[in-house]
Amino acid sequence: MSELLKLNAVETYIGQYHILQGVSLEVKKGEVTVLLGRNGAGKTTTLRTIMGLNPASKGAITYKGEDIKKLPTYLVAKKGIGYVPEDQGIFADLTVEENMKVAIQKDNQETLDRMDWILDLFPDLKKFWKKPGGLLSGGQKQMLSIARAYINNNELLLIDEPSKGLAPIVVEKVMESIIQMKEQTTIVLVEQNFMMASTIGDCFYIIDDGRTVSHGVMNQLKQDADMRRKYLGIA
Amino acid sequence: MKWTYNNRANAIYFIIAAFLLLLPFVHDSRSLFILLTQVFIFSIFAMSYDLLLGFTGIVSFGHAMYFGIGAYAIGVFMKRYEPTNLNFVLAILTTILLTAIISFFVGLLTLRLKSHFYAMLTLSLSGLFLVLAEKWRTLTYGNDGFTFRVPEILKDRTDFYFICLICMIAVFLILSRFTNSPVGRVLQAIRENEQRTESLGYQVLHYKIIASIISGIFAGIAGILYAVSLRFVNTSVFALDITLDALLMTIIGGVGTLVGAIIGAGLIEFAHHWLTALAKEHWIFERWIIFFGIIYILAVMFFPLGIVGTLKSINWKRRKKPDVKKEEKLAG
Amino acid sequence: MDVLLNLSLNGLATGMLIFLLAAGLTLILGLMDVLNFAHGGLFAWGAYSGIWIYSKTGSFFIGILGAILVGFLLGILTERWIIKPVYGNHVQQILITLGLMLVLSEMLKVVWGPNQISANPPDYLVGSWEIGGVIIIKYRLFIIFVGLLVFAAVQFLLSKTKIGLVVRAGVMNKEMVQALGINIQKVFMFVFMIGAGMAALGGVLLGPYSGVIHAEMGLEFAILAFIVVVIGGMGNFKGSLLAAALVGLSGSFMAYYVPDLALAANMLLMAVVLVFRPQGLFGMKG
């Protein structure tokens, strides 16, 4: 398997703060890569840097062998990268339908078919189709955001903490849907919930103080309690 | 190193101040003194503006309002009552009171909201004062304005030159002191990052209102001096042009430096003078404001530090490692 | 009764002109977070260029179209050259638009001279109708009609088209719109263009309404439009229509009964809104 996305020694400033100080990672096609690390370690910034929302100042970001470091956000998205931000980024006053419509780039049969598939995956969205996005529950917002990121058949999804603030039962539902999406697309997942991360993830990267400090396949981490304690603060 | 730099700067300021104080004894040009007096008055006005824009990051588009209040306060007192020293003092007190009250309320209404609001409300309020000055004819004589007599002590042009110069130096010292005081530091922290200042436990709103009030009062005082220098006041003191003058002076001179405001005032006032004279040569110079507008836009775009700010940053670059500068730029 | 109706029509007509100015301001503010202090300059440019074209061609309709085109063009140039270079810095943006306001109104004087220019409505809009003993001035009705038409058109654009959808989404979350593959710069330019076009239309309509146009009218109306933006809620398009009608009506009634306080009354209304409902009278969100 070849790598779809590659970050090499990426550094990012936000204002005067040097947030990313050397993030390197490779995302293989068809896999779920999980970014782990403490709060404030730079996981969210890594995703935002890939999207060009916080542009990298140093290093290289290549997607399918093409340099995307300097591309504006909308062109990164157009390359086929979908983004589910930490706060889901739902347009609160737009209906669920309109939220999807904003995202749709090609109005063709293929998109319609995919929409059907997505709505089967997330029946709640169909139920609230004409309701404003702001009225959805946390889990439904998460689903809408994931659906919106996938509607253009994006080959890579960047999902930021989908379990955050959700009830355990809802987390399970979101997790199941991500497992289903996994069949179709490649995913980079930022996740604090180790149960979820270890269930879905194929491989992991640990980010600490703005650097990637360790990586490997998920099974290794499951067995390595020391490392978990050191970087993640969990046993 | 900072210490020596400051000392050298202080020495230069001192020499310039001494030169200006001695000038009337060695040179005798009426028109030059009148022009310099204008420079001093507008320096005070521009410094008051700099306190808001440069030190606190508040944009006011109605600074002419405070200026005009001062100008009309003195005019009305001198016209309706005898031009005595007592009435002069009363006019100053009235100005301070009125500008303080108005700037307090403007601040209270808008400073907890986005920066747009302060700019908008001050712009509209100064528009209201302009209308008020036009309509309240019994007090203001409408558009045409009125002339008035001034107290004996202000009559001599040379004396008035000294008064304005001393006022300018005093305002400069007071505001330098103030901006370096703990309160002034908080204001600068607000300019850099409002949320962080708030989260450090400072009542950001209170500090901004303080800045608004102090700025308003000094602008009012500049207005008093302006009206006295002309012995005449009309509605033009409330016009947007006055605010634009202050904006141009602070931006071209360099925001957040106070000295920049003075240099800007000097440049703009001399340019006014010169361009007005050129208007006789070619009609395009009658529209000289257009040049200022264009220079102003270019300055905001490419030259946001102004003259003093740019000089300082060159100085800074020479002394410090270059990467310090880079970080500063990212923060901006 | 006659007076009341006439004052209402007068107020509504003025309100529509303010609306045309405020609608663009509020849309630009909502989407781009830029308060365009040069908007009044675009209004005045619409008036001068429209009236000039009208006087050259003899057709008021072509004058209106010309004004809108000039507005579009100025809007695009303003966004490109003035707003975009300082994007992301509020203070710089506010400062620079005021400078542009100055340059625009001075340029008017360079092109058309410093004196005011008179303007009359075309023959078919001169005069009045008498309906049931009430005299209705045609041109006022025409302004109200055009204002409502523009409102309906923009409302349709916002609610029924993809670009309108994107604009509404952009008001809520600019980053997300970009992350969904949309070039927000193009959307900005589009909105700026529409906003400037509306302002220019307002300007050219004002000409025959007030009889004369002068360079300072841009600022006068801009101040009213700012009041409307605050009362209607920043970024609230529908709110700006209602608030403009309110400001127009209060202005016209106050001007009849206590003329000196017309502007003061509207300022007071704005101050009250700022204290109690900074999100605007007609705003939903905080």
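Me: In β8(A), which residue is the bridge partner of A:L156?
Reply: This is a predicted model, in which local features need pLDDT of at least 70 and side-chain atom pairs count only at pLDDT 80 or more, while totals for chains, interfaces and linings use all residues. Residues are numbered from 1 along each chain as its sequence is written, with chains lettered from A and ligands numbered from 1 in the order in which they are written. Strands (DSSP E runs of at least two residues) and helices (H or I runs of at least four) are numbered from the N terminus, and β7 (residues 156-160) of chain A runs parallel to β8(A), joined by five bridges. Within β8(A), the bridge partner of A:L156 is A:T186.

Me: Which residue of β8(A) is the bridge partner of A:L35?
Reply: Strand β3 (residues 32-36) of chain A pairs with β8(A) in the parallel sense over four bridges, where pairing requires at least two DSSP bridges between the strands. In β8(A), A:L35 has as its bridge partner A:V190.

Me: Why is β8(A) largely enclosed by the rest of the structure?
Reply: A:T186, A:V188 and A:V190 point one way from the strand and A:I187 and A:L189 the other. A residue is buried if 20 or more other C-beta atoms, placed from the backbone, lie within 10 Å of its own, exposed if 12 or fewer, and partly exposed in between. Strand β8 (residues 186-190) of chain A is largely enclosed because, of its five residues, the number buried is five.

Me: How many residues does α4(C) give to the side of chain C that touches chain B?
Reply: Counting contacts as C-beta atoms, placed from the backbone, within 7 Å, 31 residues of chain C are in contact with 30 residues of chain B. The largest share of this side of chain C comes from α4(C), with 15 residues.

Key. Contact = placed C-beta atoms within 7 Å.
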